[in-house]
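User: I've got this one open on my screen and would like to talk through the fold. Can you walk me through it?

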Amino acid sequence: FLRELVSTAVDATSQLKTLARKGEVSGEIGDTTIDIMIDKDAKTLTIRDRGIGMTEEEVKKYLNQVALSSAQDFVDKYKDEASIIGHFGLGFYSAFMVADKVEVVTKSYQDDSTAVRWICEGDPSYEIGEAERDFHGTDVILHISEDSEQYLEEGEISGLLNKYARF
């Protein structure tokens, strides 16, 4: 699950860099570091990127239709220049292996975009609405289930990152 979510975050930052090189991003792209944050009190694990982010329409398209992949759409559009690792599709849903609930807070790189929050508890229903976010990119917030609390330990996460996501 962690490799899939980190791969998606890497894709988002790679896509932003490609768009910037093509002159399709206004201003500086800023820091493209991917952060992994643990909050033991809230029992959450957050994967944060500062990549392209998503609009509300893209959230509905890519998160609510499991088999679709925003990365594939991007590759199709920029096939001569993009090197894309994963797919924001089935791999994203691996988060529910360890989480009772998943929140996505995202804001597109596009000028005048509005931040969006999507919340799902692993069933076909979901909530979607506006959110607060000052920068482009996406936070995937896993509300870790009781039987997966080992993923709230820094050593466990570091080990998984070193083993599966060294790229």
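User: In what order do the six strands of the open sheet run?

Analyst: This is a predicted model, where local features need pLDDT of at least 70, side-chain atom pairs count only at pLDDT 80 or more, and totals for chains, interfaces and linings use all residues. Residues are numbered from 1 along each chain as its sequence is written, and side-chain values use heavy atoms, leaving out hydrogens and water. Strands here are DSSP runs of E, at least two residues, and helices are runs of H or I, at least four, numbered from the N terminus; two strands pair if DSSP finds at least two bridges between them. The pairing is antiparallel, and the order is E1-E2-E6-E3-E4-E5.

User: Which strands sit at the edges?

Analyst: Look for strands that pair on one side only. Those are E1 (35–39) and E5 (127–130).

User: Which residue in E6 stands opposite Arg48?

Analyst: E2 and E6 pair in the antiparallel sense over six bridges. Opposite Arg48, E6 places Asp139.

User: Which residues touch the most other members of the largest nonpolar core?

Analyst: A nonpolar core is a set of buried Ala, Val, Leu, Ile, Met, Phe, Trp, Tyr and Cys residues joined through side-chain atoms within 4.5 Å, and buried means under 20% relative accessible area (1.4 Å probe, protein chains only). This core has 29 residues, and the two touching the most other members are Val102 and Leu142.

User: Which element gives the largest share of this core?

Analyst: Contributors of two or more residues include H1 (2–21) and E3 (99–107). The largest share is five residues, and it comes from H1.

Definitions and conventions. Buried means under 20% relative accessible area, exposed over 50%, partly exposed in between (1.4 Å probe, protein chains only).
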